[in-house]
Amino acid sequence: IRHALPAYPFLILIAAKGFGWLWKSCRPSTSRLVRALPVLLLSWHPLSVLMNFPHAIAYANDFIAIGQKADLLSGSTWNLGQDMKRLAELCEKRGWKRVKLMTPQRTDPYFYGLAWESWTHRDLSQPQPGTVYVVDSSIMDDLTYDGYLTRESPWVGIRPPTGMVGGTLYYYEIPGDPGKTPRDDTQPIISFP
């Protein structure tokens with residue numbers, strides 16, 4: 001299919017010309033079926049997608065309750081980038097320059113204009129003043145990650161999050177002045193795939 005992509009504009013143009021011809025050829029004297037044909041052709045694609053793939057509609061996860069996402073969807077597929085976009089908007093609104101991110105998702109918030117960096121070993125041991133930490137809720141709900149987080153970073157389990165972005169991202173806004181803390185030279189951990 002990838003090799004056929006250059007032909008798509010041509011096919012779209014031919015389909016548009018054909019649709020225009022059908023639309024103009026429908027006169028009031030023609031039957032209702034012939035007049036309805038262009039509309040039926042336009043609605044065929046969305047109807048066939050709904051009939052064949054009723055559970056694969058993009059952004060359907062926005063209609064699932066926040067508490068049920070971890071039960072009904074897997075962590076890497078329950079957000080298609082919507083919440084990363086919302087996180088970038090929240091950062092701009094709150095004036096956050098950079099966040100520390102921990103997520104198994106594959107959507108890089110950099111593409112939405114958000115500057116982020118990985119957590120470090122010092123971040124795991126205790127939160128640093130003036131830092132905003134973002135943790136994917138699938139990590140909080142997943143037994144493998146949860147054991148790691150509570151063992152290596154007990155403050156995440158004890159401190160309640162400041163808020164939640166959409167249904168997938170918890171954020172911890174740590175008060176303080178980041179300029180008063182010494183530079184973090186500890187090794188970053190793999191907190192983003």
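The expected span of a helix is 1.5 Å times one less than its number of residues. I start there because helix α4 is a direct case: its 13 residues, 82-94, should span 18 Å, and the end C-alpha atoms are 18 Å apart, which agrees. Bear in mind that this is a predicted model.

Staying with α4, its buried residues are Q82, D83, M84, L87, A88, L90 and C91. What covers them includes four strands: β1 (99-102), β3 (132-136), β4 (163-165) and β5 (169-173). After α4 comes G95, with a positive phi near 80 degrees.

Now the overall layout. The protein has eight helices and five strands. From the N terminus on, the order is α-α-α-α-β-β-α-β-α-α-α-β-β. Of the 193 residues, 31% are buried. For contacts between residues at least 6 apart in sequence, 63% join residues at least 24 apart. The protein exposes about 13,000 Å², and carbon and sulfur atoms supply 62% of that area.

Next, the aromatic residues. A search of the whole structure finds six aromatic pairs. One of them is W119 with W155, a stacked pair at 5.8 Å centre to centre, with 10 degrees between the planes. W119 lies in the loop between β2 (116-118) and α5 (121-125), while W155 is in helix α8 (residues 154-158), so the pair ties together parts that are 36 residues apart in sequence. Both W119 and W155 are buried. Ring pairs also link these two with Y133 and Y172, giving a cluster of W119, Y133, W155 and Y172.

I139 and P104 are 35 residues apart in sequence, but their C-alpha atoms are 7.5 Å apart in space. Is I139 buried or exposed? Its relative accessibility is 1%, and the limit for buried is under 20%, so I139 counts as buried.

Technical notes. Residues are numbered from 1 along each chain as its sequence is written. This is a predicted model: local features need pLDDT of at least 70, side-chain atom pairs count only at pLDDT 80 or more; totals for chains, interfaces and linings use all residues. Side-chain values use heavy atoms; hydrogens and water are left out. Rings of Phe, Tyr and Trp (its six-membered ring) pair if their centres lie within 6.5 Å; planes under 30 degrees apart count as stacked, over 60 as edge-to-face and the rest as tilted. Helices (H or I, at least four residues) and strands (E, at least two) are DSSP runs, numbered from the N terminus. Buried means under 20% relative accessible area, exposed over 50%, partly exposed in between (1.4 Å probe, protein chains only). Contact means heavy atoms within 4.5 Å. Accessible areas come from the Shrake-Rupley method with a 1.4 Å probe; for residues, only the protein chains shown count as cover.
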